[in-house]
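The sequence and the structure are shown first.

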Amino acid sequence: MDMTVFQELETRIPKDGVRTRFAPSPTGYMHIGNLRTALYTWLIAKKNNGTFILRIEDTDQGRLVEDAAEIIYKTLVKCGLTWDEGPDIGGPVGPYVQTERRSLYGQYAELLIEKGHAYRCFCNKDDMQEENAEEESKGISKYDGRCSRLSKEEIEEKLASNVPYVIRQKIPREGNTTFQDAIFGQITVENETLDDNVLIKSDGLPTYNFANVIDDHLMGITHVVRGSEYLSSAPKYNLLYEAFGWDVPIYIHCSPVMRDAQHKMSKRHGDPSYEDLLKQGYLSEAVVNYVALLGWSPGGEQEFFNLDELVAAFDIKGISKSPAIFDREKLNHFNSTYIKALSADDFFNLVKPYLQKYITKPDIQLEAIAPLIQNRLDTMEDILPLVDFFDELQSYSTELYVHKKMKTNEENSKEALETIALKLTTLQTWTHDSIHDVLNELAAEMEVKIGRIMWPLRIAISGKSVTPGGATDLCEILGKEETLKRIQVGIALLTN
């Protein structure tokens, strides 16, 4: 075997500084656990003035989703997790898409065979089904390594006959393998419990486990962040590193994000992806901030962080071994706080498309509505029930006019509306202040508290007991003609 290929690849590997990678499979939208992995990986790189790499792992061809890679790019950009090397911008250790590196994996697998750490497995599906049946009857659940015991002549005969094969890792049958994880500490596994997992599939493409090891080494990755479900695979990775004589990266295994104490989050069960949350009216900054705290504690009391603050505060030691529970109410709290913190201009730019969708009357000033709803939103989905009456007054029950605290009932509400209509009809200047002054004067004339006037007016013009802004705000936005029209509707309802 020509070793110059491997030697040349070794010379390309960056040797200094922290290098991390986010290596998603383009199989759909970015779920919350994936986003957290990307965030922690990015934070480790930035915390250490290192390099953050994006690598696309597309060797599982059967599960690829069209445009999924583009979704990954857009998601990371929206979250502010820009990469230093990747498929679109290149870098010193590219290509950064696994199928574009496929020739490498076969060469390294052949090198492993030559070193005695891998072998060709010619077992077909029938062989495997028969073996699995035998294993199940004995309580065994791993491949027995029968092809590792084939003679050189048997192997050559099968190759000459073009018998399809995979390449398997040859796990030592005795002893144990120990690895160190930054979160879970030192873990030792008996080698006899490990399976001779497939490295190269029959189509020539590598498995996830093998491609990861090769790429992480050739890209100089120093820290690997992944889910704790891969803890069981770590001994196999270590044996591959040892077989090649390579340094093992620092492992950081994160416990899963759970829907509740018993169930992991799952798209199949309706749990949201990052894209789903944006469609549901969450701000990207709020989602990122919340996701950062799903299994990581910064220490202290601070819980709101922008990306720069996260970089400054982030420490691997703050990552918990315990699973994190996705709490929608907590996310709502974060989102609401981020919405309230927006400047008036930024909030209007954010809310304008929603208002344009829900309010079609051309004479309604959307700019006047925005400040009334900014402090009332958990998500942008909360907008519709707050503003749906601006376009058209919906039918409502006259029971809304009854308010014990305001001392209103259907009878005195009708009286109030009739008097309000007379006063507002003659009002020449239609502004919040002029409307408010007239209504205050009316309350004084009637010798009642202002609530006796404002409550019936609010119900008449909105059909709701809870509105964004007070009655005078709504009157100004609706305009004189529409306000008087709705007051007459209210009087008619109270008359019947």
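## The E4–E7 pairing

Strand E4, residues 166–169, pairs with E7 in the antiparallel sense, and two bridges connect them. Opposite valine 198 in E7 stands arginine 168. These elements are taken from a predicted model.

## The sheet and the helix on it

The E4–E7 pair belongs to an open sheet of three strands, ordered E3-E4-E7, with antiparallel pairing. Its edge strands are E3 (118–121) and E7 (198–200), each of which pairs on one side only. With direction ignored, neighbouring strands of the sheet are turned by 45° against each other on average.

Helix H4, made up of residues 102–115, packs on this sheet and touches E3, E4 and E7. The direction of H4 makes about 110° with that of E3.

## The H10–H12 crossing

How do helices H10 and H12 lie relative to each other? The axes of H10 (residues 284–292) and H12 (residues 328–341) come within 9 Å and cross at roughly 135°.

On the H10 side, the contact is made by Glu285, Ala286, Val287, Asn289 and Tyr290. H12 contributes Lys330, Leu331, Phe334, Asn335 and Tyr338. By class, the residues of this contact divide into six nonpolar, two polar and two charged.

Notes:
Residues are numbered from 1 along each chain as its sequence is written. This is a predicted model: local features need pLDDT of at least 70, side-chain atom pairs count only at pLDDT 80 or more; totals for chains, interfaces and linings use all residues. Side-chain values use heavy atoms; hydrogens and water are left out. Axes are lines fitted to C-alpha atoms, for helices over the stretch in contact, and angles run from 0 to 180 degrees between N-to-C directions. Helices (H or I, at least four residues) and strands (E, at least two) are DSSP runs, numbered from the N terminus. Contact means heavy atoms within 4.5 Å. Ala, Val, Leu, Ile, Met, Phe, Trp, Tyr, Cys and Pro count as nonpolar, Asp, Glu, Lys and Arg as charged, and the others, Gly among them, as polar. Two strands pair if DSSP finds at least two bridges between them.
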